[in-house]
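Please keep the sequence and the model in view while reading.

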Amino acid sequence: MEERYARHYALDGFGKEAQQKLASANVLLVGCGGLGCPAAIYLVSNGIGKLTIVDPDVVSISNLHRQVLFNEGDVANPKVEVAGTRLREMNSQVQITAIRDFVEVANVRDLVRSHDVVIDASDNFRTRYLLNDACVLEGRALVYGAVDGFEGQVSIFNVPNEGGSRGPNYRDLFPDPPKPGTVQNCAEGGVM
């Protein structure tokens, strides 16, 4: 493992202690699409300890231009299963759990509670608000990402502050979900 992370150790202010913290982290990644694929690749390549990926979808041909873990032979296969296999090949030291399911009211708090950090790479507002609310209730940071056409957004919400309080959450910025039909999805509006 020394050689694998040698470039990390060479970073001023990082070193072996920081790599060990990374190796002990447990991350929940919701969504294995255009944002989730590269996030998973970098987390696993850099030595995250445990990664749980949740996505109910299968690979489609229209995913291949942006969902970099998949190829033509993966079409119609569950995204989390294909991603889990590829990611394990990248770094066998990372414990990867693949869950082919929706994030719902019934499972969201258990999912969030059992992880250190949550990454929202989902593609719908229902999931986004569920994850935010569960992160607030469970005291977890939420890394949020979204893509719309040629643009993207990223932010970190509910970050712990000194003294135990937490920073703003997604609802502080967007209190209510948009009304149905007011925001186009990738199939309607396109994405790159």
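## Terms and basis

Contact means heavy atoms within 4.5 Å. Helices (H or I, at least four residues) and strands (E, at least two) are DSSP runs, numbered from the N terminus. A residue is called buried under 20% relative accessible area, exposed over 50% and partly exposed in between, with a 1.4 Å probe and protein chains only.

The model is predicted: local features need pLDDT of at least 70, side-chain atom pairs count only at pLDDT 80 or more, and totals for chains, interfaces and linings use all residues. Residues are numbered from 1 along each chain as its sequence is written, and side-chain values use heavy atoms, with hydrogens and water left out.

## Helix α3 and its cover

Helix α3 spans residues 36-45. Its buried residues are Gly36, Cys37, Ala40, Ile41, Leu43 and Val44. The cover over them includes the strands β1 (26-30), β2 (50-54), β3 (95-99) and β4 (117-120), as well as helix α4 (79-90). After α3 comes Gly47, with a positive phi near 90 degrees.

## The sheet

Six strands form an open sheet in the order β3-β2-β1-β4-β5-β6, and the pairing is mixed. Two strands pair if DSSP finds at least two bridges between them. The edge strands, each pairing on one side only, are β3 and β6 (151-157). On average, neighbouring strands of this sheet are turned by 15 degrees against each other, direction ignored. Axes here are lines fitted to C-alpha atoms, for helices over the stretch in contact, and angles run from 0 to 180 degrees between N-to-C directions.

β4 and β5 (residues 141-148) run parallel and are joined by four bridges; Val117 stands opposite Ala141 in β5. Helix α6 (residues 125-138) packs on the sheet and touches β1, β4 and β5, its direction making about 165 degrees with that of β5.

## Strand β1

The bridge partner of Val30 in β4 is Asp120. Together β1, α3 and β2 make a right-handed β-α-β unit; right-handed means that, with the strands pointing away from the viewer, the path from the first strand over the helix to the second runs clockwise.

Leu29, in strand β1, has 0% relative accessibility. It stands opposite Ile53 in β2. The C-alpha atoms of Leu29 and Ile53 are separated by 4.9 Å, although the two are 24 residues apart along the chain. Beyond its neighbours within four places in sequence, Leu29 is in contact with residues including Gly36, Ala39, Ala40, Leu51 and Ile119.

## Cysteines

A disulfide is a covalent bond between the sulfur atoms of two cysteines. The criterion used is a pair of cysteine sulfur atoms within 2.5 Å. How many disulfides does a search of the whole structure find? The search finds zero.

For Cys32, the closest cysteine sulfur is that of Cys37, at 4.2 Å, which is too far for a bond. Cys135 has its closest cysteine sulfur in Cys32, 18 Å away and again too far. Cys32 counts as buried because its relative accessibility is 0%, and Cys135 counts as buried at 1%.
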